[in-house]
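Please read this briefing alongside the sequence and the coordinates.

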Amino acid sequence: MGMTTVGTRGSFILLGEKGRLPPALQRALRYAPAAALSALVMPDLLIDGGEVSPLNPKFAAGLVVLAVALRWRNPWLPFILGMAVLLGMRKGLGW
């Protein structure tokens, strides 16, 4: 098991320039961080109280964050408005 772990992780170091990935795979790997982040975040946005619920405050706040981030590209504004929506719906509306 240890050899498998070390072999797969260290193969790129051991092979150096000889172990280049194909360009198509390199382009595809650029999207890996975004895909991993969305895989971590989406279940938390959609599941509320142990059930899948697309109408919950976290999902609404996520939609606001996405819309604001795409529109203004400001790093703080999506965070502030998303938290405002989430807290407003939780505390203000009691969701």
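The points below are grouped by topic, beginning with the fold as a whole.

The model is a predicted one, and it describes a protein with five helices and two strands.

**Overall form**

- Taken along the principal axes, the C-alpha atoms of the protein fill a box of roughly 60 × 35 × 20 Å.
- Of the 95 residues of the protein, 13% count as buried, where the cut-off for that class is a relative accessible area under 20%.

**The largest pocket**

- The largest pocket holds about 620 Å³ of space, and its lining is made up of 22 residues.
- Nearest the centre of this pocket lie Val41, Leu45, Gly62, Val65 and Leu66.
- Three helices, α3 (32-46), α4 (57-72) and α5 (77-92), each supply at least two residues of the lining, and α4 gives the most, with nine residues.
- Sorted by class, the lining of the largest pocket consists of 16 nonpolar residues, together with three polar and three charged ones.

**The salt bridge**

- The structure holds one salt bridge, in which the side chains of Lys58 and Asp44 meet at 3.4 Å, N to O.
- Because Lys58 lies in helix α4 and Asp44 in helix α3, this pair ties together parts that are 14 residues apart in sequence.
- The two partners fall into separate accessibility classes: Lys58 is buried, with a relative accessible area of 18%, whereas Asp44 counts as partly exposed at 47% relative accessibility.
- The assignment of Lys58 follows from the cut-off, since buried means under 20% relative accessible area and the value for Lys58 is 18%.

**The aromatic pair**

- The count of aromatic pairs comes to one, and this pair is formed by Trp76 and Phe79, with 6.3 Å from centre to centre and 80° between the planes.
- The arrangement of Trp76 and Phe79 is classed as edge-to-face, because planes over 60 degrees apart are assigned to that class.
- Both Trp76 and Phe79 are exposed, a class that requires a relative accessible area over 50%.

Note on methods
Residues numbered from 1 in each chain as written. Predicted model: local features only at pLDDT ≥ 70, side-chain atom pairs only at ≥ 80, totals over all residues. Heavy atoms only, no water. 1 Å grid on protein atoms, 1.4 Å probe; cavity = no way out; pocket = protein on both sides within 12 Å on 5 of 7 lines; lining within 4 Å. Points joined across faces, edges and corners; volume = space filled by probe spheres on them. Helix = DSSP H or I, 4+ residues; strand = E, 2+ residues; numbered from the N terminus. Nonpolar A, V, L, I, M, F, W, Y, C, P; charged D, E, K, R; others polar. Phe/Tyr/Trp six-rings, centres within 6.5 Å; stacked < 30°, edge-to-face > 60°. Buried < 20%, exposed > 50% of the residue type's maximum accessible area, 1.4 Å probe, protein only. Salt bridge = Lys/Arg side-chain N within 4 Å of Asp/Glu carboxyl O.
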